[in-house]
Amino acid sequence: MIILAIALIVLGLFFFFGTSIGILRLPDFYSRAHAAGKADTLSTILIILGCALFHLHQAHYDLASFHVMAKLFVIIGFVFIGSPTATHAIMDAASAAGVEHWQKKKDKK
Amino acid sequence: MEFIINYFNYIIVVIIMMIGLWGMLALSNLVKKLISMAIFQTGIILFYISMGAKIDSSIPIIKQAYDEHHHPIHQVINNADYANPLTQILMLTAIVVGVATLGLGLALTQKVYSEHKSLNEDEILESLS
Amino acid sequence: MIFGLDALSLVLILICAILALYIKDLMGSVIVFGAYSFLMCVVWTCNAAVDVAFTEAAVGAGVGTVFLVSTIYNTRRVDTYRKNRVLKQLFMFLVVCVVGSILLKTITDLPHWGDAQAPANTHVSAYFLENSIADTHVPNVVTSVLADYRGFDTMFETCVVFVAFIAIFALLRTRKIPAKDLTPPHTPVDSLIIKVASHLMIPFMQLFALYVVAHGHYSPGGGFQGGVILGASLILLAISYDFERALEYLNEKKIILFVALGVLIYAGIGVICFFLGGNFLDYSVLSKILPATDTIMARSHAMLGVEVGVALTVMVSMYGIYLCLSSNGRMDKGI
């Protein structure tokens, strides 16, 4: 069970790393917001899941640790609803303000 | 190296306070001055919290055992197990007072802007003289 | 008490603080300040100060950033006036270096970080840790000292929040200006996704905030944190829906009534203790009127009542300050 928890946390960290590289390297505001919003949410959910499983294992599966795991699932639900909505709000505002999309340059060879 | 581990928090506190102080004195934008004030305040809060921390201690919520009638069983409490609550309480008050001050500063900034149409200190001073 | 995470977050905090002052665009500056505030919460959690980190996360990184953004919305975002201040900034830097070096020299006189025998950690705080459960049956020592042993400070802090809201209201509140004079021009964005998401989030935020207020005796929480989360839920309502609709739920008269009601609850509990023969805010005499409690549990229950008053004032204050700041006092439209 600990191996599963560690694997989930490492996977979450991998996605976070991908988010950081995406924010730095992607060419356009909208694609950067994609990277920040989607991969960020996914990695947060994975890391919190890993922490929940780790806590279950540490506390030897007694009733209080299931209580804590239920609270962590509520946090996951909140992040799952809130974070993509925030990203949508940012991109909607940018589109209304007129931030232009990236065009692939024709003379790029 | 020992010096750094023992005093790292305090060194950073002094640096953060000096960054906040420099921002309040040297920057000319009113909102940046308010942000520097907030940075200064959080530096002070970090100082108090660092003073109250104890090595290998947990949060200041006492783990209490209860008997079958839900009365707390009397137990000896080792002070070194729990972090210092007194500094944290003073800082709770400080945070809330800090945000109230920030709100009031921002209201004054909006009033100044609606009068002079500028957030820059130099421009406002020139238009006043 | 993990030194590695603490040190790493402190280095990031330094970078954020310098960046927040360096960025010319005010919006970027405010967002970096939000990140700075959040990293401070991480450092404080590493130092075992979870109540303080909770409050700063709700207040500094949440509501404080919203206040700053609403001010930028109503004023200018980028400063275009340029005057040569390099000489003045260098002089200030020298002054700050002198002050900083004096402070750094005094650091060696301080006790080591984490010393359990430091003067700050003995004397009174040792008494609070040992006797909090025996005197008040409340395990969360922070809440018991805040609401009971140092109840005066908390009462005046609630008054400070109240006075700040009244001051902002008195400063900014004006008549409604006709639409053609509004700067900047307002284009309301009507988005279904944001409305549905806030439909889902706001009731649970408020329920969680009530849980935080009520459970403050046994877990990190209490009046301030719960009040700020309630205020943040109302701010979310005002942002996601129309400003007018949020004003329908809680209009200005109710706001002013509630903010005074919270302070009245706090001071009222103290005055009731007068009439029962004790000192001001001496909760143990309340056992005479509360049914089936002894003096110890009366203190615990009175703490809850006091926290409710604090939560009410703080909730309405945060919401009211947001309304005044984001509409520049006109109360017609927000961000």
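Me: Let's start with chain C: into which domains is chain C divided?

Reply: Happy to walk through it. Keep in mind that this is a predicted model. A domain can be built from more than one stretch of sequence, and chain C shows this: domain 1 covers 1–100, while domain 2 is made of 140–177 + 188–335.

Me: How many residues does each domain give to the contact?

Reply: Domain 1 of chain C supplies 14 residues and domain 2 of chain C supplies 18 residues. On the domain 1 side, these split into 8 nonpolar, 5 polar and 1 charged. The centres of the two domains, taken over C-alpha atoms, are 27 Å apart.

Me: What about secondary structure: how many helices and strands are there in chain C?

Reply: Chain C has 12 helices and 0 strands. For overall extent, the C-alpha trace of chain C spans about 65 × 55 × 35 Å along its principal axes.

Me: Could we look at one helix pair? At what angle do α3(C) and α12(C) pack?

Reply: Helix α3 (residues 50–74) and helix α12 (residues 295–327) of chain C meet at about 15 degrees, and their axes are 8 Å apart. Angles under 35 degrees count as roughly parallel, and α3(C) and α12(C) are therefore roughly parallel to each other. The crossing of α3(C) past α12(C) is left-handed.

Me: Which residues make that contact?

Reply: From α3(C), look for Val63(C), Val66(C), Phe67(C), Ser70(C), Thr71(C) and Tyr73(C); from α12(C), find Met318(C), Ile321(C), Tyr322(C), Leu325(C) and Ser326(C). By class, the residues of this contact are 8 nonpolar, 3 polar and no charged.

Me: Now the chains together. Which pair has the most contacts?

Reply: There are 2 pairs of chains that touch, and the most contacts are between chains B and C. Chains A and C also meet, with 8 residues from chain A and 8 residues from chain C taking part. The chain A side of that contact has 4 nonpolar, 3 polar and 1 charged residues.

Me: And how far apart are the closest C-alpha atoms of chain A and chain B?

Reply: They lie 14 Å apart, and no contact joins chain A and chain B.

Notes
Residues are numbered from 1 along each chain as its sequence is written. Chains are lettered from A and ligands numbered from 1 in the order in which they are written. This is a predicted model: local features need pLDDT of at least 70, side-chain atom pairs count only at pLDDT 80 or more; totals for chains, interfaces and linings use all residues. Two residues are in contact if their C-beta atoms, placed from the backbone, lie within 7 Å. Ala, Val, Leu, Ile, Met, Phe, Trp, Tyr, Cys and Pro count as nonpolar, Asp, Glu, Lys and Arg as charged, and the others, Gly among them, as polar. Domain bounds come from an automatic or database domain assignment. Axes are lines fitted to C-alpha atoms, for helices over the stretch in contact, and angles run from 0 to 180 degrees between N-to-C directions. Helices (H or I, at least four residues) and strands (E, at least two) are DSSP runs, numbered from the N terminus. Angles under 35 degrees count as roughly parallel, over 145 as roughly antiparallel, 65 to 115 as roughly perpendicular and the rest as oblique. A crossing is left-handed if the near helix is turned anticlockwise from the far one by less than a right angle, and right-handed if clockwise.
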